[in-house]
Amino acid sequence: MANGIVIIDKPAGWTSQDVTAKLRGVFHQKRIGHGGTLDPMATGVLPVFVGRATRAVEFFEHADKEYIAGLRLGVRTDTEDITGNVLQQQPVCVTESQLRQVLLRFTGRQSQLPPMYSAVKIGGKKLYELARAGKTVERAPRTVTVFSLELLSGSGADWTFRVHCSKGTYVRTLCADIGDALGCGGCMSSLRRTRAGGYTLDQAVCLDGLIRQPDPEACLLPVDSLFSDRPACHVSAGQEQRLRNGADVRIPGLHNGEYRVYSPQGDFLLLGRWEDGTLTTVKSFFEVN
């Protein structure tokens with residue numbers, strides 16, 4: 001049975017759910033989930049968790065992301081990207097220097113209003129469902145962090161920038177807000193995710209290539225790759241058995257924190273937390289007999 005994480009270079013026009021639905025057939029596995037939704041127009045890094053690896057999705061929820069985004073100035077749309085209905089168009093007279101100055105204002109912790117065309121739920125309804133019904137509702141702003149904004153190229157109305165941001169940041173809202181700050185309005189013209197957590201485009205496989213792959217399981221990364229920033233801890237056979245039975249184990253000499261825990265044979269067992277000499281299970285990933 002397939003277990004692991006595959007990094008998909010999501011094609012434009014596919015929803016993240018479309019990708020997971022397709023991969024259920026590819027891997028012959030019902031237990032599949034993705035980490036970090038991408039809009040249909042967006043491309044790039046989409047981690048997909050297969051089999052028992054789906055138990056790790058919760059640890060990916062707070063991962064930071066990096067994107068290369070296209071900004072079109074002078075155009076406001078109802079979706080805050082070029083796929084939406086145009087609400088307003090204005091002439092653009094913006095210099096590179098002016099844009100760089102405005103980008104500085106959008107770096108750091110800031111409040112961002114979720115767009116109406118988003119999957120945020122209010123009163124049990126997703127905002128995009130309300131928006132498609134012609135409704136606009138009050139939304140609470142969210143605090144997000146833009147760690148860096150780097151202008152890459154552009155002129156006139158079209159520019160490209162790289163953004164490194166926290167979970168929950170809407171890049172199309174960032175584009176719209178930048179356009180408003182410049183006084184001409186703006187929307188997102190393209191989006192490519194280049195990194196999600198510790199996974200990058202270098203590790204990604206295209207969806208068509210994976211579908212044609214004779215052995216798609218060869219493209220799976222081990223689930224412990226998600227926890228590569230935690231130190232490793234190897235336990236004895238007796239300690240392994242106690243951990244498999246849900247008990248804590250005493251291990252001296254470690255530092256307080258989380259660890260990747262391995263069996264004597266090197267099999268990844270679980271994510272554990274060591275504190276004051278005792279190792280406890282945070283989440284297990286071994287097969288249950």
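Reader: Which residue's side chain is joined to that of T278 by a polar contact of 2.7 Å?
Author: This is a predicted model, in which local features need pLDDT of at least 70 and side-chain atom pairs count only at pLDDT 80 or more, while totals for chains, interfaces and linings use all residues. Residues are numbered from 1 along each chain as its sequence is written, and side-chain values use heavy atoms, leaving out hydrogens and water. A polar contact is a pair of N or O atoms within 3.5 Å; within protein, one must be able to donate a hydrogen and the other to accept it, and residues adjacent in sequence count only if both atoms are side-chain atoms. At 2.7 Å, the side chain that pairs with T278 is that of R250.

Reader: What is the C-alpha separation of T278 and V249?
Author: T278 touches D248, V249, R250 and R273, leaving out residues up to four places away in sequence; contact means heavy atoms within 4.5 Å. T278 and V249 are 29 residues apart along the chain, yet their C-alpha atoms are separated by 5.7 Å.

Reader: Which strand holds T278?
Author: Helices (H or I, at least four residues) and strands (E, at least two) are DSSP runs, numbered from the N terminus. The run that covers residues 278-284 includes T278, and this is strand β19.

Reader: Which residue in β18 is the bridge partner of E258?
Author: Strand β17 (residues 257-262) pairs with strand β18 (residues 268-275) over six bridges, in the antiparallel sense. In β18, the residue bridged to E258 is R273.

Reader: Is D276 buried or exposed, and what is its relative accessible area?
Author: D276 is found in the loop between β18 and β19. D276 is not a glycine, yet has a positive phi of about 50 degrees. Buried means under 20% relative accessible area, exposed over 50%, and partly exposed in between (1.4 Å probe, protein chains only). D276 is exposed, because its relative accessible area is 58%.

Reader: Is E80 buried or exposed, and what is its relative accessible area?
Author: E80 is found in the loop between β5 (75-77) and β6 (86-89). E80 also has a positive phi, of about 70 degrees, although it is not a glycine. E80 counts as buried because its relative accessible area is 17%.

Reader: Which residues touch the most other members of the largest nonpolar core?
Author: A nonpolar core is a set of buried Ala, Val, Leu, Ile, Met, Phe, Trp, Tyr and Cys residues joined through side-chain atoms within 4.5 Å. The largest such core has 41 residues, and those touching the most other members are L23, F27 and F161.

Reader: Which helix gives the most to this core?
Author: Leaving aside neighbours within four places in sequence, the contacts of F161 include V171, L174 and C175. With five residues in the core, the helix that gives the most is α5 (residues 171-182).

Reader: How many disulfides are there?
Author: A disulfide is a pair of cysteine sulfur atoms within 2.5 Å. The sulfur of C165 is 11 Å from the closest cysteine sulfur, in C175, and therefore too far for a bond. C187 is in no disulfide either, with the nearest cysteine sulfur, that of C175, 7.7 Å away. The count of disulfides is zero.

Reader: What is the relative accessibility of C187?
Author: C165 is buried, with a relative accessible area of 1%. C187 also counts as buried, because its relative accessibility is 0%.

Reader: Which residues does A63 touch, not counting those up to four places away in sequence?
Author: A63 lies in the loop between α2 (57-60) and β4 (65-73). A63 is buried, as its relative accessible area is 11%. The residues in contact with A63, beyond those up to four places away in sequence, are K167 and G197.

Reader: What share of the residues in the protein chain is buried?
Author: The protein chain has seven helices and 19 strands, and its C-alpha atoms fill a box of roughly 70 × 45 × 40 Å along the principal axes. Of its 289 residues, the buried share is 47%.

Terms used: Pairing = 2+ DSSP bridges.
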